[in-house]
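Subject: Structure for you to look at, with notes on its pockets

Hello,

Here is the structure I said I would pass on. My notes on the pockets follow it.

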Amino acid sequence: MKTVTDQLANYAAYHRDPRNIATHFIGIPMIVVAVAMLLSRPALGHVGGVALSPALAVTLLTALYYLRLDLRLGLLMAALLALALAAGQWAAAQSTGLWLTLGIGLFVVGWVFQFIGHYWEGRKPAFVDDLMGLVIGPLFVAAEAVFALGLRTELRTAVEARVGPVRRRDLSTA
């Protein structure tokens with residue numbers, strides 16, 4: 001199994017333009033919430049207030065994968081996925097029209113942000129070459145947020161040793 005450094009470096013290689021990373025901070029959470037919403041139906045009952053749905057299964061499997069990659073980032077991701085699952089379950093309890101509008105709307109707009117970012121990057125999305133990019137994308141955004149807070153510098157250094165730092169933009173030419 002690849003390490004967290006392997007996975008983040010592979011994904012980061014497609015994301016060195018700060019504008020692309022910024023669009024991912026918007027688009028990826030929208031997509032994650034949208035997937036949680038769309039997979040929250042059908043619910044096959046409830047246990048402890050949690051709907052037994054495809055969204056729950058995907059959330060648990062994804063959180064376990066993140067935890068296996070890195071405990072600290074995995075715990076952060078588990079909490080964020082739980083919030084997405086809660087939003088998904090809320091949406092699934094609404095009318096079918098509202099549930100679909102929210103889920104499909106967030107999904108489409110989230111991908112628009114992604115593709116704008118990759119236009120600026122001048123490179124295709126990571127998932128085109130490796131479908132694991134769809135799973136690593138949310139972890140990448142969380143890791144970038146953690147790095148921006150000055151945390152996990154050893155992980156950031158290891159990733160940047162493989163793919164280089166985020167390119168800095170000259171604002172005078174932007």
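By class, how many nonpolar, polar and charged residues does the lining of the second largest pocket have? Before the answer, please note that this is a predicted model.

The lining of the second largest pocket has 12 nonpolar residues, with no polar and no charged ones. Its volume is about 240 Å³. Three helices, H2, H4 and H6, each supply at least two residues of this lining. H4 gives the most, with five residues. The residues that line the second largest pocket include Met77, Leu80, Leu81, Leu83 and Ala84.

Now the largest pocket. Its volume is about 530 Å³, and 28 residues line it. Those closest to the centre of the largest pocket are Val32, Val35, Leu134, Val135 and Pro138. Two or more lining residues come from each of these elements:

- helix H2 (18-38)
- helix H3 (54-69)
- helix H4 (71-92)
- helix H5 (96-121)
- helix H6 (133-148)

In the largest pocket, H2 gives the most to the lining, with six residues. By class, the lining of the largest pocket has 20 nonpolar and eight polar residues, and no charged ones.

Regards

Technical notes
Residues numbered from 1 in each chain as written. Predicted model: local features only at pLDDT ≥ 70, side-chain atom pairs only at ≥ 80, totals over all residues. Heavy atoms only, no water. 1 Å grid on protein atoms, 1.4 Å probe; cavity = no way out; pocket = protein on both sides within 12 Å on 5 of 7 lines; lining within 4 Å. Points joined across faces, edges and corners; volume = space filled by probe spheres on them. Helix = DSSP H or I, 4+ residues; strand = E, 2+ residues; numbered from the N terminus. Nonpolar A, V, L, I, M, F, W, Y, C, P; charged D, E, K, R; others polar.
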